[in-house]
Amino acid sequence: MQTVSTVGAGIGGIATAIRLARKGYRVKVFEQQPNAGGKLNELRLSGFRFDAGPSLFTLPQLVDELIRNRGDSILSYQKLELITRYFFPDGTVLDAWAEPERFADEVAQKFYDKHTAVLRYLKESRELYELTANTFVYSPFPQLKNFFTLQSLKLAMNPKKLKAFETMHEVNCKYFSDHRTIQLFDRYATYNGSNPYLAPGTLTMIPHLEHNIGAYFPTSGMYAITTELVKIAQNLGVEFEYNTHVDKVDIRNGRVVGIKVNGSSAECNYVVNNTDIFTAYQTLLHEVPLASRLAAQQPSSSALIFYFGVKGIHPKLDVHNILFTSDYYSEFKAMGQGSIFIDPTVYIFITSKRIAADAPDGHENWFVMINVPPNTGQDWDELRLKAREAILVKIKRMLGIDLASLIVAEDYLDPVRIEKRTGSFRGSLYGISSNNRMAAFNRHPNRSKNVKGLYFVGGSVHPGGGIPLCLASAKIVDSYFKPL
């Protein structure tokens with residue numbers, strides 16, 4: 001039987017293991033942490049449970065493909081009627097309903113932009129996704145043959161539809177006149193750790209995933225995605241070894257022959273790397289050069305997250321909430337300079353709104369996050385304390401909630417901890433940023449050009465970061481393997 005060693009038990013590694021096990025390969029997954037999931041993990045603290053990482057579930061069909069038979073899993077999820085509640089500095093509160101017509105009505109009632117402008121934007125967001133997804137998301141890229149498809153020919157005939165030569169912000173300004181509507185749609189750049197004032201307008205396809213396809217919530221929380229997929233993998237014979245450090249990938253005559261684990265050699269026919277690409281080349285693959293164009297890429301943004309166990313039930317908030325800054329441009333400018341803006345945009349995620357067991361009676365579990373730069377040696381203890389104070393002041397000002405007096409349990413995650421726990425280069429959340437029009441062409445491919453039998457999945461390689469794209473990378477790697 002041919003064997004596959006997977007380094008890292010992030011969502012991309014688990015998904016690849018399931019796919020290859022179904023094709024008859026013997027798969028073993030090695031994970032340095034005590035459990036699977038990578039960034040898609042959980043935290044339990046003083047009676048509270050928190051989804052520690054990704055908080056929004058889109059393109060659920062990519063998970064359904066892995067489950068196949070519902071008898072294999074108890075994973076269930078519900079489509080969100082209300083995706084996000086937005087709070088603006090002027091006191092406006094806008095509910096971003098999933099249904100496009102209702103969402104457009106809400107925007108027209110609260111802002112100066114017309115109902116038809118929102119629907120037109122979402123229609124063109126759908127068209128852009130349908131025009132680009134197969135080439136840029138679900139296909140091995142870059143490969144010459146990808147450019148000889150019907151979809152690629154449509155792109156060649158309509159290059160302006162790609163919106164690659166305008167920034168996301170510039171595109172949004174063409175559709176909308178109200179700065180609040182523009183800010184709302186600019187925020188989608190953060191879904192892959194980018195800056196809307198630099199990232200290409202191609203990213204305006206992202207709202208399509210939420211408002212045209214749908215945003216979902218697993219009924220047992222986001223971490224249930226990890227636990228259920230691990231169960232499916234194990235039922236297929238996949239072995240997981242936790243608390244296990246892979247020292248290097250053994251290569252002989254340009255081909256994978258095995259790995260070294262805790263100082264001992266283990267033979268295998270193939271290796272799937274699910275660790276951060278920069279970390280992998282510095283450790284596992286230090287004998288293999290990383291292409292200079294890839295080495296020069298800048299990491300995406302990171303996150304500073306506070307996990308607050310909070311006294312009381314707070315009806316102003318829903319599951320997903322955003323408290324916007326009054327100066328979005330300055331916030332991204334500060335991140336670009338390696339710092340944190342004095343008035344950051346705050347995201348609040350409360351799973352206990354839907355899962356009562358995630359918090360004790362009369363309490364809520366607040367996941368409070370701001371976008372921050374990757375770790376380049378900043379004093380994160382100082383930055384964290386300043387950011388915490390700024391967040392508490394903002395919540396009191398915009399929500400009227402004196403959160404400081406209600407916190408009964410607390411922990412945090414910053415770029416240093418993210419890097420240490422997940423191996424993510426400089427604590428970035430999405431690998432490289434998409435802050436230039438060539439970003440899609442500069443991601444590491446899913447199959448090594450230099451080493452036979454070596455493959456790559458996860459957020460730091462093609463097609464990018466986030467649960468859907470990590471699952472897409474697993475699907476691409478799977479396409480290289482024949483059933484046994």
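Student: Which residues form one aromatic cluster here?

Tutor: A pair of aromatic rings is described by the distance of the centres and the angle of the planes. Rings of Phe, Tyr and Trp (its six-membered ring) pair if their centres lie within 6.5 Å, with planes under 30 degrees apart counted as stacked, over 60 as edge-to-face and the rest as tilted. In this structure one aromatic cluster is formed by Tyr86, Phe88, Phe111, Tyr197, Phe324, Tyr328, Tyr329 and Phe332. Keep in mind that this is a predicted model, in which local features need pLDDT of at least 70 and side-chain atom pairs count only at pLDDT 80 or more, whereas totals for chains, interfaces and linings use all residues. Residues are numbered from 1 along each chain as its sequence is written, and side-chain values use heavy atoms, with hydrogens and water left out.

Student: How many aromatic pairs does the rule give, and how are the rings of Tyr25 and Phe481 arranged?

Tutor: The count comes to 35 aromatic pairs. The ring centres of Tyr25 and Phe481 are 5.3 Å apart and their planes stand at 90°, so this pair is edge-to-face. The pair links distant parts of the chain, 456 residues apart, since Tyr25 lies in the loop between helix H1 (11-22) and strand S2 (26-30) and Phe481 in the segment after helix H15 (467-479); helices (H or I, at least four residues) and strands (E, at least two) are DSSP runs, numbered from the N terminus. Both Tyr25 and Phe481 are buried, where buried means under 20% relative accessible area, exposed over 50% and partly exposed in between (1.4 Å probe, protein chains only).

Student: What about Phe349 and Phe367?

Tutor: With centres 5.7 Å apart and planes at 85°, the rings of Phe349 and Phe367 are edge-to-face. Phe349 belongs to strand S17 (residues 346-349) and Phe367 to strand S18 (residues 363-372), 18 residues apart. Phe349 is buried at a relative accessible area of 1%, and Phe367 is buried at 2%.

Student: Over which ring does the charged end of Arg384 sit?

Tutor: A charge sits over a ring if NZ of Lys or CZ of Arg is within 6 Å of the ring centre and within 35 degrees of the ring normal. The charged end of Arg384 sits over the ring of Tyr412, 3.9 Å from its centre, while that of Arg180 sits over the ring of Tyr112, 5.4 Å from its centre.

Student: Are the faces of strand S14 covered or uncovered, and which strands pair with S14?

Tutor: In a regular strand the side chains alternate between the two faces of the sheet. Both faces of S14 (residues 270-273) are covered, with Tyr270 and Val272 buried on one side and Val271 and Asn273 buried on the other. Two strands pair if DSSP finds at least two bridges between them. Strand S1 (residues 3-7) pairs with S14 in the parallel sense over four bridges, and strand S20 (residues 454-456) runs parallel to S14, joined by three bridges. Asn273 stands opposite Val7 and also opposite Phe456 in S20.

Student: In what order do S5, S6 and S9 lie in their sheet?

Tutor: These three strands form an open, antiparallel sheet in the order S5-S9-S6. S5 (57-58) and S6 (77-79) stand at the edges with a single partner strand each, so one side of each is left without a neighbour in the sheet. Three bridges join S6 to S9 (residues 215-218) in the antiparallel sense, and Gln78 stands opposite Phe217 in S9.
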